[in-house]
Amino acid sequence: MLTVLLALALPLLSPFDLRASDALAAPPPVTAIAGSLSLEARLERSLVHTSAAQIHALVKLTAADGVAAERRPVNLALVLDRSGSMAGRKIEDARAAALALVGQLQDGDRVTLVSYGSDVRVDVPPTVLDAAARLEVTRAIVRIRHGGRTNLAGGLKVAYHQLAPHRDADRVTRVVLVSDGLANVGTTQPRLLAALARADWQEGTVTTTLGLGVDYNEDLMTELAVHGGGGFYHVSRSEQLAGVLSDELAHMQATVARQATLELTLPEGVRVRAVHGHAVAQEGRTVLVTLGDLSAGQSRSILWALELPHAQLGAQPLGEIVLHYTDARDGQRRAARGGAMQVTWTGDRTASEASVDPEVAARMAELQLAAAMATAADHMAAGDLDQAQQVLGAATRRARSNAAGFGAVGQPLADEAAAAEAMLDDVKKAPASPKARRELAKQGKAKAFEMSRQ
């Protein structure tokens, strides 16, 4: 039976805790290479004090750059909100963005366009592009008009159904959902919609979401992206749609690995407490993490929190990490076995602190900052600007202090602390209108999501 775990349990690390990593050598990473992807797994520390209840493991995946010499054809379904709230500039820009996207697709690519208001329409059934097909697709896009409520679930279901007969190993298959509002027709619960996205991801379809404006449900859009293996974008103004869709298409065209998953087989007594920013399913002692697709040159860092059994001096096995993915170059399923991870229990607290890996500690601090930004965004959305300032102020001070102790590996944390400080400055200016506060909150949520998926 599969269960989904999305929480994150990270201890608040003091600057002293983090800088202690400068002392002794960190544990060596576990590495593996298979085809286009490489895997590196690092532990938070090699020596675990007997009072500890958990340890963190950082798994970094890297797709080789320049390996996507032969572009793979794509299956793309654009799911477009045409509800009444899209009236005016939004629907005009959405049509223009769809036209621009089709213009960037190549002959031989397959495109589907589904639009939804209260009803759902297949404006363009799955169509392999050539000169004549482009003309028909263009005419269909131009005919789209706004009206009705927001049947988001219906739009997704129809898009998945349209793509299903055309999934194959030679194509990168993706649904891109654009919405400016709250789902209010049909299935509306984020949990059920996320399950829908996950089920189709398991069949080979990645789901990416674009939230337009300030009235959409960002929690729903991020859940769909997490469980669908895709990305989430906040689009402040509708004229930005074309650029965001163009970037998403560029990633699709450079895909080198599809349906990537991490598998960890747990020894007795060890449990996965959390994985940040990713959908997790567990069956027995095997834990699977949904990663989605990776494009050439892309890296992805995944932080695991592992709950440890009662301490016993000596070695403690933590399990074996295995990466599975489909190579986009030849459609073959591949595996990279990282080997077994283990730590050693110790009664010496100083030795434990001295064995900290600074790269893992830095990533832990980055995710703490991301969580704080998401929390501050929730306070802003609720109108509690004072609490948002308190959360961001404390988080940025801690991040700045921690980054200073890491040297080169602390630079990403320093950069993200600067972004959090910019967010704090915006909050201090106290946006006058509820709409402006919602916009600021959604920017914060989007930035936190981006940080969690780096």
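Residue numbers start at 1 along each chain as its sequence is written. In this predicted model, local features need pLDDT of at least 70 and side-chain atom pairs pLDDT 80 or more, while totals for chains, interfaces and linings use all residues; side-chain values use heavy atoms, leaving out hydrogens and water.

View 1. Rings of Phe, Tyr and Trp (its six-membered ring) pair if their centres lie within 6.5 Å; planes under 30 degrees apart are stacked, over 60 edge-to-face, and the rest tilted. Phe232 belongs to strand E10 (229–235) and Phe449 to helix H12 (434–452), 217 residues apart. Helices (H or I, at least four residues) and strands (E, at least two) are DSSP runs numbered from the N terminus. Both Phe232 and Phe449 are buried, meaning under 20% relative accessible area with a 1.4 Å probe, protein chains only.

**View 2. Tyr216 joins the ring cluster and has a lysine over its face.** Ring pairs tie Tyr216 to Phe232 and Phe449. Lys442 lies 5.0 Å from the ring centre of Tyr216; the rule asks for NZ of Lys or CZ of Arg within 6 Å of the centre and within 35 degrees of the ring normal.

**View 3. Phe232 and Phe449 turn up again at the largest pocket.** Along with Gly231, Tyr233 and Arg453, they are the closest to its centre of the 24 lining residues. A pocket is an open set of points on a 1 Å grid over the protein atoms alone, where a 1.4 Å probe fits, with protein on both sides within 12 Å along at least five of seven lines; lining residues have an atom within 4 Å of a point. E10 gives the largest share of the lining, 6 residues.

Note on methods. Buried < 20%, exposed > 50% of the residue type's maximum accessible area, 1.4 Å probe, protein only.
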